[in-house]
Amino acid sequence: MSTATYTVKGMTCGHCVSSVKEEVSEVAGVTNVEVDLATGLLTVDSDGPIDTAKIVAAVEEAGYEMANQ
């Protein structure tokens, strides 16, 4: 089990959170996704280490960007 945290920029509402959760959940190996709208914090639980580029790509597919990546 592995947990990684990221910061997502540009989210302004619950729909934003849902979009990010949906896209990141589809990354192979991801078991749970939590998103905090107030802080932009994205927490990803997975079976093992996941390539950060895959998480970044999923966030960008949802229409947002990662901070400090």
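**Note on the contacts, helices and cysteines of this model**

1. Leaving out residues up to four places away in sequence, Tyr-64 touches Val-8, Lys-9, Gly-10, Met-11, Cys-16, Ser-19, Val-20 and Val-59, where contact means heavy atoms within 4.5 Å. Tyr-64 sits in the loop between α2 and β4 (65-66), helices (H or I, at least four residues) and strands (E, at least two) being DSSP runs numbered from the N terminus. The relative accessible area of Tyr-64 is 15%, so this residue is buried; buried means under 20% relative accessible area, exposed means over 50%, and partly exposed lies in between, with a 1.4 Å probe and protein chains only. Tyr-64 and Val-17 are 47 residues apart in sequence, while their C-alpha atoms are 10 Å apart in space.

2. Before reading further, please keep in mind that this is a predicted model, in which local features need pLDDT of at least 70 and side-chain atom pairs count only at pLDDT 80 or more, whereas totals for chains, interfaces and linings use all residues. Residues are numbered from 1 along each chain as its sequence is written, and side-chain values use heavy atoms, with hydrogens and water left out.

3. Val-59, one of the residues touched by Tyr-64, lies in helix α2 and counts as buried because its relative accessibility is 0%. Not counting residues up to four places away in sequence, Val-59 touches Val-8, Val-20, Val-24, Leu-42, Tyr-64, Glu-65 and Met-66. Val-59 and Gly-10 are 49 residues apart in sequence, yet 11 Å apart in space from C-alpha to C-alpha.

4. How do the two helices meet? Two packed helices are described by the angle between their axes and the distance between the axes. Here the axes of helix α1 (residues 14-25) and helix α2 (residues 52-61) come within 8 Å and cross at roughly 140°, which means that α1 is oblique to α2. Axes are lines fitted to C-alpha atoms, for helices over the stretch in contact, and angles run from 0 to 180 degrees between N-to-C directions; angles under 35 degrees count as roughly parallel, over 145 as roughly antiparallel, 65 to 115 as roughly perpendicular and the rest as oblique.

5. Which residues make the contact between these helices? On the side of α1 they are Val-20, Glu-23 and Val-24, and on the side of α2 they are Ile-55, Ala-58, Val-59 and Glu-61.

6. The whole structure holds zero disulfides, a disulfide being a pair of cysteine sulfur atoms within 2.5 Å. Cys-13, found in the loop between β1 (2-9) and α1, counts as partly exposed because its relative accessibility is 31%, whereas Cys-16 counts as buried at 5% relative accessibility. The C-alpha atoms of Cys-13 and Thr-3 are separated by 24 Å, although these residues are 10 residues apart along the chain.

7. Is Gly-40 buried or exposed? Gly-40, placed in the loop between β2 (30-36) and β3 (41-46), has 4% relative accessibility and therefore counts as buried. If neighbours within four places in sequence are left aside, Gly-40 is in contact with Tyr-6, Thr-7, Val-8 and Met-11.
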